[in-house]
Amino acid sequence: MTVSILTCVSNFGLGRGPGHSCLLVSGTVFSFENMLGNLPTGASGWNSFNEAEYLEMNSERPVFIQKLYGIVDEGKVLEYISQSIVQDDKYGPAGVCSSQTASAIEYAWGKSFDPTGIDKPYAVYLLAKAKRLVEKETLHWPGKYNLATGTQINLDYMLAEIAKAPIPRTMLEEQHFSN
């Protein structure tokens with residue numbers, strides 16, 4: 001039973017943009033991304049995907065996977081998402097991918113988790129590290145040789161922001177950042 005934050009570098013298919021934040025809970029990805037909800041049902045802005053399916057759909061952009069320590073309660077993350085669905089939260093009026101991801105983490109952790117800045121997906125990524133919630137980090141990017149125009153620029157920007165952050169870096173990170 002684990003919770004992970006997925007941070008996608010750049011927007012899907014564009015090779016640019018602020019990226020995307022979502023949650024991985026025991027093999028299921030929960031992504032707050034639907035501007036109008038799941039029409040025609042009128043359900044909320046949340047989508048769910050099988051982990052392998054989601055990573056395959058996003059294989060051409062880097063996806064950082066931050067497995068969180070057990071202090072972020074899986075049951076509480078699912079409870080938060082369920083409540084958001086019942087409230088019919090929509091992308092935009094109820095926040096964006098990164099704000100909903102951060103709110104779910106805050107709810108499940110029981111402590112403040114409020115990233116600042118315009119580049120929220122990267123801010124969520126950095127805040128999880130700063131709050132020492134990350135047990136393990138991996139980089140998923142099998143399509144790195146098919147990258148869309150601008151993806152490398154966005155990745156370089158994210159890595160530069162990470163390098164500036166006053167966060168202890170692990171051996172695993174050093175390995176990923178040196179490539």
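A salt bridge is a side-chain nitrogen of Lys or Arg within 4 Å of a carboxyl oxygen of Asp or Glu. A search of the whole structure finds 3 of them, and this tour visits each.

Before you start: this is a predicted model, where local features need pLDDT of at least 70, side-chain atom pairs count only at pLDDT 80 or more, and totals for chains, interfaces and linings use all residues. Residues are numbered from 1 along each chain as its sequence is written, and side-chain values use heavy atoms, with hydrogens and water left out.

**Stop 1: the sheet**

Switch to cartoon view. Helices (H or I, at least four residues) and strands (E, at least two) are DSSP runs, numbered from the N terminus. Two strands pair if DSSP finds at least two bridges between them. Here 6 strands form an open sheet, in the order β4-β3-β2-β1-β5-β6, with antiparallel pairing. Select β4 (46-50) and β6: these are the edge strands, and each pairs on one side only. From one strand to the next, the twist averages 25°. Axes are lines fitted to C-alpha atoms, for helices over the stretch in contact, and angles run from 0 to 180 degrees between N-to-C directions.

**Stop 2: strand β2**

Select residues 20-25, which make up strand β2. Is this strand buried or exposed? Buried means under 20% relative accessible area, exposed over 50%, and partly exposed in between (1.4 Å probe, protein chains only). In β2, 6 of the 6 residues are buried, so the strand is largely enclosed by the rest of the structure. Both faces are covered: H20, C22 and L24 lie on one side, S21, L23 and V25 on the other.

Find I5, which stands opposite L23 in β2. V25 stands opposite T28 in β3. The β2-β3 hairpin has 2 residues between the strands, and S26 takes a positive phi near 45° there.

**Stop 3: β5 and β6**

Select residues 63-68 for β5 and 134-140 for β6. They run antiparallel, with 6 bridges between them. L68 stands opposite V134 in β6.

**Stop 4: the helices on the sheet**

Contact means heavy atoms within 4.5 Å. Select helix α2 (residues 74-86): it lies across β1, β2, β3 and β4, running at about 120° to β2. Next, select helix α4 (residues 120-130), which packs on the sheet and touches β1, β2, β5 and β6. Its direction makes about 140° with that of β1.

**Stop 5**

Side chains of opposite charge can pair when their charged atoms come close. Show E135 and K67, whose side chains meet in a salt bridge (3.7 Å, N to O). The pair links distant parts of the chain: E135 is in β6 and K67 in β5, 68 residues apart. E135 is partly exposed at 41% relative accessibility, and K67 is partly exposed at 29%.

Move to K90 and D88, which meet at 2.5 Å, N to O. D88 is partly exposed, with a relative accessible area of 33%. Finish with K129 and E137, whose closest N and O atoms are 3.2 Å apart.

**Stop 6: the aromatic rings**

Select F32, W46 and Y91: they form one aromatic cluster. Rings of Phe, Tyr and Trp (its six-membered ring) pair if their centres lie within 6.5 Å; planes under 30 degrees apart count as stacked, over 60 as edge-to-face and the rest as tilted. The structure holds 5 aromatic pairs.
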